[in-house]
Each structure stands twice: as structure tokens, then as C-alpha cells.
Amino acid sequence: MANLVICLAIAWACICRLNTDVCKHLLRPRARYTLLLAGALASGLQPVLFGAWPSVGTVFFSAAVLAGLLINVVRWSHDHSDAGNI
């Protein structure tokens with residue numbers, strides 16, 4: 001259950017990022033967050049999709065990805081780091 005909650009938080013963050021101007025205009029950030037969204041949903045729905053329960057390592061990895069997203073939340077309002085990179 002913890003993995004599902006963490007993965008849903010990652011998915012929410014990805015959806016928020018996909019709605020920014022940077023992701024609407026540049027392919028690379030859009031692809032990055034789309035792939036992360038797909039991975040988070042696949043990991044969170046692992047018991048339903050693959051019939052296997054997530055391990056402790058999976059939960060820690062999901063938490064690390066969410067932590068990485070949350071650490072960079074300050075940059076999200078000023079994100080021009082991918083400007084010009086297509």
C-alpha cells in the first residue's frame with residue numbers, strides 16, 4: 001500500500017509538470033515526465049498488472065524518486081534549465 005501511495009504522488013507531480021509551459025513546448029522534458037509517469041503507474045499497480053507484490057527495495061526506490069522530485073520543487077516555478085534543448 002505504501003508503494004501505491006508513493007507512486008501516486010510521483011504520478012501527481014509528473015502530471016503537474018506536464019501542464020507547465022516548459023513541457024508544453026519542449027519535447028525532452030515532456031518525454032522525461034511522461035516516461036516517469038508511466039513507470040510510476042506501472043510500479044504502483046504492480047500487483048494488478050503483473051501479479052507480484054512490490055519488495056522493500058521497490059518501495060525505497062519509489063521513495064527516492066519522489067524525494068528527488070520534491071527536492072527540485074523550488075526550481076519548478078523557475079524552470080528554464082531545458083530551454084533550447086529539444
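Colleague: In what order do the elements of the protein chain run from the N terminus on?

Modeller: They run α-α-α-α-α-α. The count is 6 helices and 0 strands. Helices are DSSP runs of H or I with at least four residues, strands are runs of E with at least two, and both are numbered from the N terminus.

Colleague: What are the ground rules here?

Modeller: This is a predicted model, where local features need pLDDT of at least 70, side-chain atom pairs count only at pLDDT 80 or more, and totals for chains, interfaces and linings use all residues. Residues are numbered from 1 along each chain as its sequence is written, and side-chain values use heavy atoms, with hydrogens and water left out.

Colleague: Why does S62 count as buried?

Modeller: Buried means under 20% relative accessible area, exposed means over 50%, and partly exposed lies in between (1.4 Å probe, protein chains only). S62 has 5% relative accessibility, so S62 counts as buried. S62 sits in helix α5, residues 56-71. Across the protein chain, buried residues make up 29% of the 86 residues.

Colleague: What makes S43 buried?

Modeller: The relative accessibility of S43 is 17%, so S43 counts as buried. S43 lies in helix α3.

Colleague: Which residues is S62 in contact with, leaving aside neighbours within four places in sequence?

Modeller: Contact means heavy atoms within 4.5 Å. With those neighbours left aside, S62 is in contact with N3, I6, C7, I10 and S43. The C-alpha atoms of S62 and A9 are separated by 9.8 Å, and the two residues are 53 apart along the chain.

Colleague: Why are α1 and α5 called roughly parallel?

Modeller: Helix α1 (residues 2-18) and α5 pack at an angle of about 30°, with axes 9 Å apart. Axes are lines fitted to C-alpha atoms, for helices over the stretch in contact, and angles run from 0 to 180 degrees between N-to-C directions. Under 35 degrees counts as roughly parallel, over 145 as roughly antiparallel, 65 to 115 as roughly perpendicular, and the rest as oblique. The pair α1 and α5 is therefore roughly parallel. The contact of α1 with α5 has 10 nonpolar, 3 polar and no charged residues. Ala, Val, Leu, Ile, Met, Phe, Trp, Tyr, Cys and Pro count as nonpolar, Asp, Glu, Lys and Arg as charged, and the others, Gly among them, as polar.

Colleague: Why are α1 and α3 roughly antiparallel?

Modeller: The axes of α1 and α3 cross at roughly 160° and come within 8 Å. So α1 and α3 are roughly antiparallel to each other. Residues of α1 in the contact include N3, C7 and L18, and those of α3 include Y33, L37 and S43. The contact of α1 with α3 divides into 12 nonpolar, 4 polar and 2 charged residues.

Colleague: Which residues make up the largest nonpolar core?

Modeller: A nonpolar core is a set of buried Ala, Val, Leu, Ile, Met, Phe, Trp, Tyr and Cys residues joined through side-chain atoms within 4.5 Å. The largest has 12 residues: I6, C7, I10, A11, A13, C14, C23, Y33, L37, A40, L66 and L69. Helices α1, α3 (27-44) and α5 each supply at least two residues of this core. The most comes from α1, with 6 residues.

Colleague: What does L37 touch, not counting residues up to four places away in sequence?

Modeller: L37 touches A11, C14, I15 and L18.
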